[in-house]
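Visitor: Hi, could you walk me through the aromatic rings here?
Guide: Happy to, let's bring it up.
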Amino acid sequence: MNPKNKVIYISVRDLVERFVRAGDLTSGVFIPDRATAAIALHQRIQRSRPEAYEPEVVISHTCKSGPWSIHISGRIDGIFRYEDRMVIEEIKTTVRNPEDSKDVENPHHWAQLKLYAYMLSMEHDLASVDTCLTYARLYSNATWEIQRTFSRTDLEAFFSRLILRLIQRTEGIRHFHNLRDQSIGFLRFPFKECRRGQQRMMEEVYQVIVDGDQLFVQAPTGIGKTMAVILPALKTLSQGKIDRMFYLTARSTGKQVAEEAFSILMDQGLRMKMVTLTAKEKICFHDDAECNRDECEFAKGYHDRIDEAITRAFETDCLGRDVIEKIARQFMVCPFELSLELSEMADCIICDYNYVFDPQANLRRFFSRPREAYLFLVDEAHNLVDRSREMFSADIQKQDFLYVRRQVKKALPDVYSALGKVNTRLLRFMKASPDRAQAFAERELPEDLWLALSDFIKVCEKWLALNRDAPFREALLELYFGVTRFLKVTELFDASYAVCCEKFAKNFRVRLFCIDPSGSLSSVLEKSRATIFFSATLTPTEYFQKIFGCGEASSGLVLASPFPQENLCVTVSNVSTLFRNRRNTKEMVAGLIQSLVLQKIGNYLIFFPSYSYMTMVVRSFEALFPEFKTLVQTPRLTEMDRERFLEKFSRHNASTLVGFAVMGGVFGEGIDLVGDRLTGAAVVGVGMPPPNLERELINAYFTEQYNAGYEFAYIFPGFNKVLQASGRVIRSETDRGVVLLIDRRFTSRNYQSMFPDDWNAKDVRDPGDLSRVLREFWD
């Protein structure tokens, strides 16, 4: 839409998808198959037509409606051009037998065909148009044709109704955009004054968006990063530099911070549409039901009610999870699908990384055909390194195939046979391991395994498309999606990948591991006008620029803490925490922790690189110093468990509380324990991930690329966890606290060169020396 010139460009497909609504969320009548097979079948049918047939006819039409000029375009599958008449054909493919669905009419298919018929009638001044809707069954020669003739009068009435709805929707959006832009013009910084560095950050962010570049911002906790990216982003939105922004987070706490920032600005008069996307498994009202009319009342008749739900939602600016769920219940529609619908009218979409970067989960409505200027705001961007590797990787396990094979043996002989072939290929691959290694890597996936997996998908789709209930359906469906993802990743496979194989117990895992995600990330970033990466820990900037595939135009901004330097005391202890020395030094580590917490009553968090190391030291600490109250993080915490853990860190505690947690976990970042809720923290070890096959592949790859393999695989990822854990201590101007770093490597030049400039770290020789330094600080 060009509101200034009052011009609308829209495709036939988009017009139908937006304004032809009827039926259930998933009717199960026509299920799309793999695109390649569908295209091949389309072409085979087109080649079988007579000489009078013209395939793939591009058509367009321009009309006026009030002050608006509407340009509509599309591509007709084929036209029979006879001497006395023309017949338009639209071809649709399905894996079901079309004869089973004769009584079920698909309104989207007919709407698309009628729009083409209208456009053709206008182009050739036809009084009526003959049409043919052809359904073709994949993997067979079965076809079914439905022929109808439409008068120009009926087609024009149908077309006019759609255009009227399009104009009404467009006028509503245009009117709101005017309100939005006016409100942004009146916006001011919402607090009394900027914190040190915040003004500079806002200026840099604004200029980078205007220039269409990429920016890496490392700014300490408490500087106000969220507001410093949102405010300039809004300014560029009102100026037409961008059309939509995506605020991307790795955790739900990040979403909450963004929502709170927008809420503050809305209290000042900001008008804009903000939608928060929540994972389907979290927002679904029936987590044990499939999305079909028989199992979910929110899927039944979904398309009959969704327009009313959207109209109601448009009355609200801040569309968070609670609001979306309330509207979904009111209009009896699926809350997840509703949130996706609402995202199309949003100025800002707050969502997880995967909605933009994951090739399996991204918002295809925006990124399959980018037509707008997007801004990506990537919060806590240090998390994107591991998350992106996971997004672009995939694995399969031998036991999963054997389990499903046993389930389908009698009911689905074709699927049973295909699974047997996959198992045979996996066995052959497993036995080819060098020196009978438990874990090994290959540069390529065996072609015979790929073919067996592809054959499984084909036979599996034929049965799944029938939508039949069976005790094994859920297991088969889960395996189908897993293999589909695996095969999708094979399309990305190149020199930046490796095939990682691992044998354990009676199982065998094959993993397509993305060593270097820069290529895939770069292709996604190209779909944005500008991207802002921001975090308290992006050290060193060059590492993240390379991993994220950013161009030479990307720049970095490192800001110092806005808080008084004298409010933080950082100490470094020269104790070895290497794996081979841990049992010998665990009492020394426990003694240092005791000295840290003894000097001032308060709440402390002690971070470790692993659960096993943490458990070892906790036992020593509790045996040596039983007078202290301890709290220990356990694996697989729920959100409620996490909240209960943090509630213990009260400013009203009468005695010292010592909490033990794991670096990089739920307490290592994204928590706000302001003031006396956290007095100090200790970080035990340099945070290096444990060595394994994948880490060694990263090491070798980046040694070859930049001669910095060890840094990319171990040092940089580990030290960013250290910075995150240390950043829990000082959260406001009045906070005072202590940080103890326990590891001999922290005393080296390599590590100290990465210390923030505002760390005036002091070396301590032993617990007594630490006690002296801390007494001086607290006194």
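Visitor: Is Tyr543 buried or exposed?
Guide: Tyr543 is buried, with a relative accessible area of 3%. Buried means under 20% relative accessible area, exposed over 50%, and partly exposed in between, using a 1.4 Å probe and protein chains only. This is a predicted model, where local features need pLDDT of at least 70, side-chain atom pairs count only at pLDDT 80 or more, and totals for chains, interfaces and linings use all residues. Residues are numbered from 1 along each chain as its sequence is written, and side-chain values use heavy atoms, leaving out hydrogens and water.
Visitor: How many aromatic pairs are there?
Guide: The count comes to 50 aromatic pairs. Rings of Phe, Tyr and Trp (its six-membered ring) pair if their centres lie within 6.5 Å; planes under 30 degrees apart count as stacked, over 60 as edge-to-face and the rest as tilted. One of them joins Trp110 and Phe150, edge-to-face, at 6.2 Å centre to centre with 65° between the planes.
Visitor: And what about Tyr543 and Phe712?
Guide: Their ring centres are 4.9 Å apart and the planes are at 90°, so Tyr543 and Phe712 are edge-to-face. Phe712 is buried too, with a relative accessible area of 4%.
Visitor: Which aromatic cluster holds them?
Guide: Tyr543 and Phe712 belong to one aromatic cluster, with members including Phe216, Phe533 and Tyr701.
Visitor: New topic: where does the charged end of Lys114 sit?
Guide: Over the ring of Phe158, 4.2 Å from its centre. That label needs NZ of Lys or CZ of Arg within 6 Å of the ring centre and within 35 degrees of the ring normal.
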